[in-house]
Amino acid sequence: MQSHSVCAGTVMPHCTLKERNVKDTKDSAETLSFKTRLKRAGFRLKMIKDRTIKFLRCLFNTPSPIPVEAQIEITNKCNFTCPMCPREIMDVPSINMDFGLFKEVVKKLSAPPLPPLQKGGQKGVKDFILTGWGEPLLHPDFFEMVDFISFINPDARIRFTTNGSLLNKDIRKRILNSKVEQVSISIDGLNGDGATGEGHSESKRIIENVTALAGERNSNPPTPPFKKGGQGGFTPSIVFQSTIHSNNLEGLKKLIDIGGKIGIDRMNLVRLDVRKTVSLRRPSIEDEGRIFGKLKKTGKASGLPVFFINQQGMLLQMAGHFDRLCFRTVDHVYVNVKGDVTPCCNLRKMKMGNLLKDDIEEIWQGKIFKKFRANQLKVCKGCDALKRKHHH
Ligand code: SF4
Ligand code: SF4
(Lines give C-alpha, C1' and ligand atoms only; values in the text may rest on other atoms or scores of the structure.)
(Ligands and ions follow the chains in the order given, each with its own letter.)
Protein backbone atom coordinates (compact mmCIF):
# COMPACT_ATOMS: atom_id res chain seq x y z
CA MET A 1 0.00 0.00 0.00
CA GLN A 2 1.86 3.00 -1.30
CA SER A 3 0.74 5.56 1.17
CA HIS A 4 1.28 3.73 4.41
CA SER A 5 4.87 4.33 4.11
CA VAL A 6 4.91 7.06 4.70
CA CYS A 7 -3.34 2.46 9.78
CA ALA A 8 -15.82 1.78 20.79
CA GLY A 9 -18.74 2.60 19.61
CA THR A 10 -21.51 0.14 19.32
CA VAL A 11 -22.87 -0.51 15.89
CA MET A 12 -26.33 0.91 15.66
CA PRO A 13 -28.46 -1.57 13.76
CA HIS A 14 -30.62 1.13 12.24
CA CYS A 15 -27.66 3.02 10.81
CA THR A 16 -27.63 1.84 7.22
CA LEU A 17 -25.86 3.32 4.24
CA LYS A 18 -29.06 4.61 2.75
CA GLU A 19 -30.09 6.31 5.94
CA ARG A 20 -26.72 8.00 6.32
CA ASN A 21 -26.86 10.18 3.29
CA VAL A 22 -23.72 12.33 3.23
CA LYS A 23 -25.78 15.47 2.73
CA ASP A 24 -27.75 14.73 5.88
CA THR A 25 -24.77 14.43 8.18
CA LYS A 26 -23.98 18.02 9.03
CA ASP A 27 -20.87 18.22 11.16
CA SER A 28 -19.19 21.23 9.68
CA ALA A 29 -16.71 23.48 11.45
CA GLU A 30 -19.52 25.51 12.98
CA THR A 31 -21.53 22.57 14.27
CA LEU A 32 -18.78 20.37 15.72
CA SER A 33 -20.02 18.91 18.95
CA PHE A 34 -18.32 19.53 22.28
CA LYS A 35 -17.26 15.86 22.37
CA THR A 36 -15.66 16.08 18.94
CA ARG A 37 -13.78 19.22 19.93
CA LEU A 38 -12.63 17.59 23.16
CA LYS A 39 -11.49 14.47 21.30
CA ARG A 40 -9.55 16.56 18.82
CA ALA A 41 -7.99 18.58 21.63
CA GLY A 42 -6.95 15.32 23.31
CA PHE A 43 -5.44 14.09 20.07
CA ARG A 44 -3.52 17.32 19.62
CA LEU A 45 -2.17 17.19 23.20
CA LYS A 46 -0.98 13.62 22.73
CA MET A 47 0.49 14.54 19.39
CA ILE A 48 2.38 17.45 20.96
CA LYS A 49 3.79 15.18 23.69
CA ASP A 50 4.83 12.45 21.24
CA ARG A 51 6.31 14.96 18.86
CA THR A 52 8.29 16.66 21.61
CA ILE A 53 9.90 13.36 22.62
CA LYS A 54 10.54 12.47 19.00
CA PHE A 55 11.91 15.93 18.30
CA LEU A 56 14.47 15.58 21.09
CA ARG A 57 15.45 12.08 19.98
CA CYS A 58 15.97 13.23 16.42
CA LEU A 59 17.69 16.47 17.39
CA PHE A 60 20.29 14.64 19.46
CA ASN A 61 20.26 11.64 17.12
CA THR A 62 19.54 9.37 20.07
CA PRO A 63 17.33 6.38 19.26
CA SER A 64 14.83 5.18 21.85
CA PRO A 65 16.09 2.26 24.05
CA ILE A 66 13.83 -0.08 22.08
CA PRO A 67 11.55 0.83 19.15
CA VAL A 68 8.41 2.73 20.05
CA GLU A 69 6.64 1.77 16.87
CA ALA A 70 6.56 -1.51 14.93
CA GLN A 71 4.93 -1.92 11.55
CA ILE A 72 4.18 -5.58 10.94
CA GLU A 73 3.77 -6.91 7.41
CA ILE A 74 0.86 -9.23 8.20
CA THR A 75 0.04 -9.69 4.52
CA ASN A 76 1.21 -8.59 1.10
CA LYS A 77 -1.89 -9.83 -0.63
CA CYS A 78 -4.09 -7.17 -2.13
CA ASN A 79 -7.40 -7.03 -3.95
CA PHE A 80 -6.35 -3.83 -5.78
CA THR A 81 -3.79 -3.19 -8.50
CA CYS A 82 -3.09 0.54 -8.14
CA PRO A 83 -0.84 1.71 -10.99
CA MET A 84 1.44 3.58 -8.57
CA CYS A 85 1.99 0.55 -6.32
CA PRO A 86 5.62 -0.67 -6.50
CA ARG A 87 4.93 -4.12 -5.01
CA GLU A 88 5.82 -5.96 -8.18
CA ILE A 89 8.92 -3.89 -8.86
CA MET A 90 10.00 -4.48 -5.27
CA ASP A 91 9.40 -8.19 -5.73
CA VAL A 92 7.18 -8.38 -2.65
CA PRO A 93 5.86 -11.94 -2.15
CA SER A 94 2.07 -12.09 -2.20
CA ILE A 95 1.67 -14.09 1.02
CA ASN A 96 0.26 -13.84 4.55
CA MET A 97 2.29 -13.89 7.74
CA ASP A 98 1.69 -17.11 9.60
CA PHE A 99 -0.33 -16.49 12.78
CA GLY A 100 2.11 -18.58 14.84
CA LEU A 101 4.99 -16.43 13.63
CA PHE A 102 2.97 -13.29 14.32
CA LYS A 103 2.50 -14.38 17.94
CA GLU A 104 6.24 -14.90 18.38
CA VAL A 105 6.91 -11.50 16.82
CA VAL A 106 4.46 -9.74 19.12
CA LYS A 107 5.84 -11.50 22.21
CA LYS A 108 9.36 -10.45 21.31
CA LEU A 109 8.28 -6.87 20.66
CA SER A 110 6.18 -6.62 23.77
CA ALA A 111 8.23 -8.05 26.55
CA PRO A 112 11.92 -7.30 26.31
CA PRO A 113 13.72 -8.46 28.27
CA LEU A 114 11.92 -11.81 28.14
CA PRO A 115 9.83 -13.19 30.06
CA PRO A 116 7.62 -12.96 32.21
CA LEU A 117 4.83 -13.14 29.72
CA GLN A 118 1.99 -12.05 31.88
CA LYS A 119 -0.89 -9.78 31.30
CA GLY A 120 -0.01 -6.16 31.91
CA GLY A 121 3.04 -4.39 33.12
CA GLN A 122 5.49 -5.16 30.33
CA LYS A 123 7.64 -2.63 28.68
CA GLY A 124 7.89 -2.86 24.94
CA VAL A 125 6.79 -1.46 21.64
CA LYS A 126 3.81 0.80 22.15
CA ASP A 127 2.53 1.37 18.64
CA PHE A 128 1.65 -1.54 16.39
CA ILE A 129 0.82 -0.88 12.76
CA LEU A 130 -0.67 -3.96 11.13
CA THR A 131 0.04 -3.05 7.55
CA GLY A 132 2.45 -4.33 4.94
CA TRP A 133 2.38 -4.07 1.15
CA GLY A 134 -1.16 -5.37 0.90
CA GLU A 135 -4.67 -5.15 2.30
CA PRO A 136 -4.60 -6.10 6.02
CA LEU A 137 -8.26 -7.09 6.14
CA LEU A 138 -7.53 -9.93 3.73
CA HIS A 139 -5.65 -11.74 6.49
CA PRO A 140 -8.05 -14.37 7.87
CA ASP A 141 -6.68 -13.89 11.42
CA PHE A 142 -6.67 -10.09 11.41
CA PHE A 143 -8.94 -9.63 14.45
CA GLU A 144 -7.28 -12.48 16.36
CA MET A 145 -4.01 -10.62 15.79
CA VAL A 146 -5.48 -7.44 17.24
CA ASP A 147 -6.78 -9.38 20.25
CA PHE A 148 -3.43 -11.08 20.74
CA ILE A 149 -1.55 -7.78 20.85
CA SER A 150 -3.92 -6.30 23.38
CA PHE A 151 -3.72 -9.42 25.55
CA ILE A 152 0.08 -9.50 25.57
CA ASN A 153 0.57 -5.76 25.60
CA PRO A 154 -2.57 -4.13 27.01
CA ASP A 155 -1.24 -0.58 26.73
CA ALA A 156 -0.33 -0.93 23.07
CA ARG A 157 -1.92 1.30 20.47
CA ILE A 158 -2.99 -0.57 17.34
CA ARG A 159 -3.66 0.89 13.94
CA PHE A 160 -3.80 -0.16 10.31
CA THR A 161 -4.23 1.22 6.82
CA THR A 162 -6.81 -0.20 4.44
CA ASN A 163 -7.97 0.55 0.92
CA GLY A 164 -11.49 0.61 2.38
CA SER A 165 -13.01 -1.87 -0.03
CA LEU A 166 -13.63 -4.59 2.56
CA LEU A 167 -15.24 -2.47 5.27
CA ASN A 168 -18.57 -4.25 5.14
CA LYS A 169 -21.05 -4.26 8.00
CA ASP A 170 -19.56 -7.28 9.74
CA ILE A 171 -15.96 -6.01 9.47
CA ARG A 172 -16.98 -2.56 10.70
CA LYS A 173 -18.69 -4.09 13.71
CA ARG A 174 -15.57 -6.12 14.52
CA ILE A 175 -13.37 -3.04 14.19
CA LEU A 176 -15.58 -1.00 16.49
CA ASN A 177 -15.56 -3.77 19.08
CA SER A 178 -11.81 -4.28 18.90
CA LYS A 179 -8.85 -2.43 20.40
CA VAL A 180 -7.94 -0.81 17.11
CA GLU A 181 -7.25 2.87 17.79
CA GLN A 182 -6.89 4.14 14.25
CA VAL A 183 -8.13 3.14 10.82
CA SER A 184 -6.48 4.95 7.91
CA ILE A 185 -8.14 4.76 4.55
CA SER A 186 -5.91 5.14 1.52
CA ILE A 187 -7.87 7.16 -0.98
CA ASP A 188 -6.59 9.83 -3.33
CA GLY A 189 -9.58 11.73 -4.53
CA LEU A 190 -13.19 11.81 -5.46
CA ASN A 191 -13.38 12.30 -9.16
CA GLY A 192 -15.25 9.15 -9.97
CA ASP A 193 -13.86 5.67 -10.29
CA GLY A 194 -10.15 5.54 -10.84
CA ALA A 195 -9.67 9.07 -9.41
CA THR A 196 -6.24 10.15 -10.59
CA GLY A 197 -5.75 7.20 -12.88
CA GLU A 198 -2.57 6.29 -11.04
CA GLY A 199 -3.45 6.38 -7.35
CA HIS A 200 -5.67 4.36 -5.10
CA SER A 201 -8.86 3.43 -6.77
CA GLU A 202 -11.78 5.48 -5.58
CA SER A 203 -15.21 4.06 -5.73
CA LYS A 204 -18.64 4.86 -4.45
CA ARG A 205 -18.50 1.70 -2.36
CA ILE A 206 -15.42 2.85 -0.44
CA ILE A 207 -16.99 6.19 0.38
CA GLU A 208 -20.16 4.41 1.45
CA ASN A 209 -18.12 2.07 3.64
CA VAL A 210 -16.25 4.91 5.33
CA THR A 211 -19.45 6.92 5.73
CA ALA A 212 -21.05 3.97 7.46
CA LEU A 213 -18.00 3.35 9.66
CA ALA A 214 -17.91 6.99 10.74
CA GLY A 215 -21.65 7.04 11.33
CA GLU A 216 -21.60 3.87 13.39
CA ARG A 217 -18.66 5.08 15.42
CA ASN A 218 -20.06 8.57 15.94
CA SER A 219 -23.48 7.31 16.95
CA ASN A 220 -22.13 5.80 20.14
CA PRO A 221 -18.89 7.45 21.17
CA PRO A 222 -17.44 7.02 24.64
CA THR A 223 -17.79 9.80 27.15
CA PRO A 224 -14.59 11.85 27.21
CA PRO A 225 -12.04 11.58 28.65
CA PHE A 226 -12.55 7.79 28.58
CA LYS A 227 -11.48 5.99 25.45
CA LYS A 228 -13.47 2.84 25.93
CA GLY A 229 -16.75 2.64 24.11
CA GLY A 230 -19.97 0.83 24.84
CA GLN A 231 -18.76 -2.70 24.06
CA GLY A 232 -15.20 -2.49 25.27
CA GLY A 233 -13.70 -1.26 22.01
CA PHE A 234 -11.65 1.87 21.57
CA THR A 235 -13.61 4.12 19.19
CA PRO A 236 -10.90 4.36 16.56
CA SER A 237 -9.84 7.53 14.85
CA ILE A 238 -10.75 7.46 11.18
CA VAL A 239 -8.25 9.09 8.87
CA PHE A 240 -8.00 9.65 5.15
CA GLN A 241 -4.47 8.91 3.99
CA SER A 242 -4.10 10.54 0.62
CA THR A 243 -1.24 10.83 -1.81
CA ILE A 244 -0.70 14.12 -3.60
CA HIS A 245 -0.58 13.59 -7.37
CA SER A 246 -0.14 16.20 -10.04
CA ASN A 247 -3.82 16.10 -10.96
CA ASN A 248 -5.90 15.36 -7.87
CA LEU A 249 -6.29 18.72 -6.12
CA GLU A 250 -9.99 19.02 -6.89
CA GLY A 251 -10.58 15.37 -5.96
CA LEU A 252 -8.85 15.88 -2.63
CA LYS A 253 -10.91 18.99 -1.92
CA LYS A 254 -14.09 17.02 -2.49
CA LEU A 255 -12.77 14.25 -0.28
CA ILE A 256 -12.06 16.72 2.53
CA ASP A 257 -15.54 18.08 2.20
CA ILE A 258 -17.03 14.60 2.52
CA GLY A 259 -14.67 13.75 5.39
CA GLY A 260 -15.83 16.83 7.31
CA LYS A 261 -19.49 16.05 6.70
CA ILE A 262 -19.35 12.42 7.76
CA GLY A 263 -17.28 13.27 10.83
CA ILE A 264 -13.94 11.50 10.35
CA ASP A 265 -10.96 12.88 12.25
CA ARG A 266 -8.33 14.14 9.82
CA MET A 267 -6.55 13.79 6.52
CA ASN A 268 -2.85 12.89 6.35
CA LEU A 269 -1.27 13.82 3.06
CA VAL A 270 1.51 11.68 1.66
CA ARG A 271 4.16 12.52 -0.93
CA LEU A 272 4.20 10.38 -4.08
CA ASP A 273 7.25 8.15 -4.44
CA VAL A 274 8.22 8.19 -8.11
CA ARG A 275 11.52 6.34 -7.89
CA LYS A 276 10.30 2.96 -8.97
CA THR A 277 7.69 3.82 -11.61
CA VAL A 278 9.15 6.07 -14.29
CA SER A 279 5.77 7.03 -15.72
CA LEU A 280 4.75 8.77 -12.49
CA ARG A 281 5.03 12.54 -12.20
CA ARG A 282 4.65 14.50 -9.01
CA PRO A 283 4.18 18.18 -8.27
CA SER A 284 7.29 20.26 -7.61
CA ILE A 285 8.06 21.03 -3.99
CA GLU A 286 6.67 24.55 -4.49
CA ASP A 287 3.47 23.13 -5.95
CA GLU A 288 3.22 20.64 -3.08
CA GLY A 289 3.31 23.61 -0.72
CA ARG A 290 0.62 25.46 -2.67
CA ILE A 291 -1.58 22.34 -2.83
CA PHE A 292 -1.18 21.78 0.91
CA GLY A 293 -2.09 25.43 1.59
CA LYS A 294 -5.28 25.11 -0.45
CA LEU A 295 -6.23 21.79 1.12
CA LYS A 296 -5.68 23.17 4.61
CA LYS A 297 -8.01 26.01 3.76
CA THR A 298 -10.63 23.56 2.50
CA GLY A 299 -10.10 21.54 5.67
CA LYS A 300 -10.74 24.59 7.84
CA ALA A 301 -13.97 25.35 6.06
CA SER A 302 -15.08 21.71 6.22
CA GLY A 303 -14.01 21.01 9.80
CA LEU A 304 -11.40 18.43 8.85
CA PRO A 305 -7.78 19.01 9.95
CA VAL A 306 -5.26 18.35 7.17
CA PHE A 307 -1.60 17.42 7.84
CA PHE A 308 1.43 16.94 5.58
CA ILE A 309 4.70 15.75 7.14
CA ASN A 310 6.85 17.05 4.26
CA GLN A 311 5.91 20.69 4.77
CA GLN A 312 8.22 21.25 7.70
CA GLY A 313 8.71 24.30 9.83
CA MET A 314 12.16 25.24 11.11
CA LEU A 315 11.90 23.06 14.24
CA LEU A 316 11.10 19.92 12.25
CA GLN A 317 13.85 20.71 9.78
CA MET A 318 16.28 20.98 12.69
CA ALA A 319 15.03 17.68 14.10
CA GLY A 320 15.68 16.04 10.75
CA HIS A 321 19.17 17.56 10.64
CA PHE A 322 18.06 19.44 7.54
CA ASP A 323 17.11 16.27 5.65
CA ARG A 324 20.11 14.21 6.71
CA LEU A 325 18.13 12.08 9.19
CA CYS A 326 14.88 10.20 8.62
CA PHE A 327 12.42 10.44 11.53
CA ARG A 328 11.81 6.69 11.29
CA THR A 329 15.36 5.78 12.21
CA VAL A 330 15.08 6.79 15.86
CA ASP A 331 12.06 4.79 17.00
CA HIS A 332 10.54 2.64 14.22
CA VAL A 333 11.00 -0.88 12.89
CA TYR A 334 9.35 -2.85 10.12
CA VAL A 335 8.85 -6.61 10.51
CA ASN A 336 8.37 -8.48 7.24
CA VAL A 337 6.37 -11.69 6.65
CA LYS A 338 9.38 -13.81 7.61
CA GLY A 339 9.89 -12.06 10.94
CA ASP A 340 12.94 -10.13 9.70
CA VAL A 341 13.36 -6.73 11.32
CA THR A 342 14.16 -3.97 8.81
CA PRO A 343 14.31 -0.15 9.08
CA CYS A 344 11.06 0.54 7.21
CA CYS A 345 8.66 -0.73 4.54
CA ASN A 346 10.75 0.79 1.76
CA LEU A 347 13.71 -1.28 2.93
CA ARG A 348 11.76 -4.46 3.64
CA LYS A 349 14.62 -6.72 2.54
CA MET A 350 17.33 -4.96 4.56
CA LYS A 351 17.54 -7.45 7.40
CA MET A 352 18.80 -6.18 10.76
CA GLY A 353 17.91 -9.42 12.54
CA ASN A 354 15.10 -11.95 12.87
CA LEU A 355 12.65 -12.06 15.74
CA LEU A 356 12.53 -15.87 15.81
CA LYS A 357 16.21 -15.89 16.70
CA ASP A 358 17.08 -12.53 18.24
CA ASP A 359 15.63 -10.17 20.83
CA ILE A 360 14.44 -6.80 19.66
CA GLU A 361 16.82 -4.99 22.00
CA GLU A 362 19.82 -6.81 20.50
CA ILE A 363 18.67 -6.05 16.98
CA TRP A 364 17.79 -2.42 17.64
CA GLN A 365 21.04 -1.64 19.43
CA GLY A 366 23.17 -4.01 17.36
CA LYS A 367 26.00 -3.19 14.98
CA ILE A 368 23.99 -3.62 11.79
CA PHE A 369 21.33 -1.11 12.84
CA LYS A 370 23.97 1.35 14.05
CA LYS A 371 25.79 1.09 10.74
CA PHE A 372 22.54 1.66 8.86
CA ARG A 373 21.72 4.75 10.93
CA ALA A 374 25.17 6.20 10.38
CA ASN A 375 24.93 5.68 6.60
CA GLN A 376 21.22 6.22 6.11
CA LEU A 377 21.50 8.99 3.54
CA LYS A 378 23.48 6.74 1.23
CA VAL A 379 21.53 3.56 1.97
CA CYS A 380 18.09 5.11 1.54
CA LYS A 381 18.95 6.10 -2.02
CA GLY A 382 16.98 9.27 -2.49
CA CYS A 383 13.94 8.35 -0.39
CA ASP A 384 12.22 11.56 0.67
CA ALA A 385 9.05 10.08 2.18
CA LEU A 386 9.59 12.04 5.40
CA LYS A 387 12.03 14.68 4.19
CA ARG A 388 11.34 18.28 3.40
CA LYS A 389 13.01 18.58 0.02
CA HIS A 390 12.76 16.30 -2.98
CA HIS A 391 15.73 13.94 -3.09
CA HIS A 392 15.03 12.39 -6.47
S1 SF4 B 1 -4.24 -0.81 -2.20
FE2 SF4 B 1 -3.04 -0.29 -4.01
S3 SF4 B 1 -1.20 0.74 -3.22
FE4 SF4 B 1 -2.13 -0.40 -1.49
S5 SF4 B 1 -1.10 -2.40 -1.54
FE6 SF4 B 1 -2.96 -2.61 -2.74
S7 SF4 B 1 -2.31 -2.24 -4.85
FE8 SF4 B 1 -0.71 -1.44 -3.50
S1 SF4 C 1 14.51 7.64 4.35
FE2 SF4 C 1 15.17 5.50 4.62
S3 SF4 C 1 14.41 4.91 6.64
FE4 SF4 C 1 13.30 6.74 6.02
S5 SF4 C 1 11.43 6.01 5.05
FE6 SF4 C 1 12.94 6.32 3.42
S7 SF4 C 1 13.97 4.37 3.14
FE8 SF4 C 1 12.89 4.30 5.11
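Eight nonpolar, three polar and one charged residues form the shell around ligand 2 in this predicted model. The residues surrounding ligand 2 are C326, R328, T329, P343, C344, N346, L347, Q376, C380, C383, A385 and L386. C380, C383, A385 and L386 belong to a second, separate core of five residues.

Now step back to the whole chain. The protein chain has eleven helices and ten strands. Of its 392 residues, 44% are buried. In soluble globular proteins, nonpolar side chains tend to be buried together.

The largest nonpolar core here holds 73 residues. Inside this core, I72, F128, L130, I149, V210, I264 and V335 have the most contacts. Helix α5, residues 204-218, gives the most to this core, with six residues. Take I72 as a way in. Beyond its neighbours within four places in sequence, I72 is in contact with V105, F128, I129, L130 and V335.

An α-helix has 3.6 residues a turn, so residues three or four places apart point the same way.

Why does the length of α2 agree with expectation? Helix α2 has twelve residues, 99-110, and at 1.5 Å a residue these should span 16 Å. Its end C-alpha atoms are 16 Å apart, so the two values agree.

Definitions and conventions. Residues are numbered from 1 along each chain as its sequence is written. Chains are lettered from A and ligands numbered from 1 in the order in which they are written. This is a predicted model: local features need pLDDT of at least 70, side-chain atom pairs count only at pLDDT 80 or more; totals for chains, interfaces and linings use all residues. Helices (H or I, at least four residues) and strands (E, at least two) are DSSP runs, numbered from the N terminus. A residue is buried if 20 or more other C-beta atoms lie within 10 Å of its own, exposed if 12 or fewer, and partly exposed in between; C-beta atoms are placed from the backbone. The expected span of a helix is 1.5 Å times one less than its number of residues. A residue is near a molecule or strand if its C-beta atom, placed from the backbone, lies within 6 Å of it. Ala, Val, Leu, Ile, Met, Phe, Trp, Tyr, Cys and Pro count as nonpolar, Asp, Glu, Lys and Arg as charged, and the others, Gly among them, as polar. A nonpolar core is a set of buried Ala, Val, Leu, Ile, Met, Phe, Trp, Tyr and Cys residues joined through C-beta atoms within 7 Å. Two residues are in contact if their C-beta atoms, placed from the backbone, lie within 7 Å.
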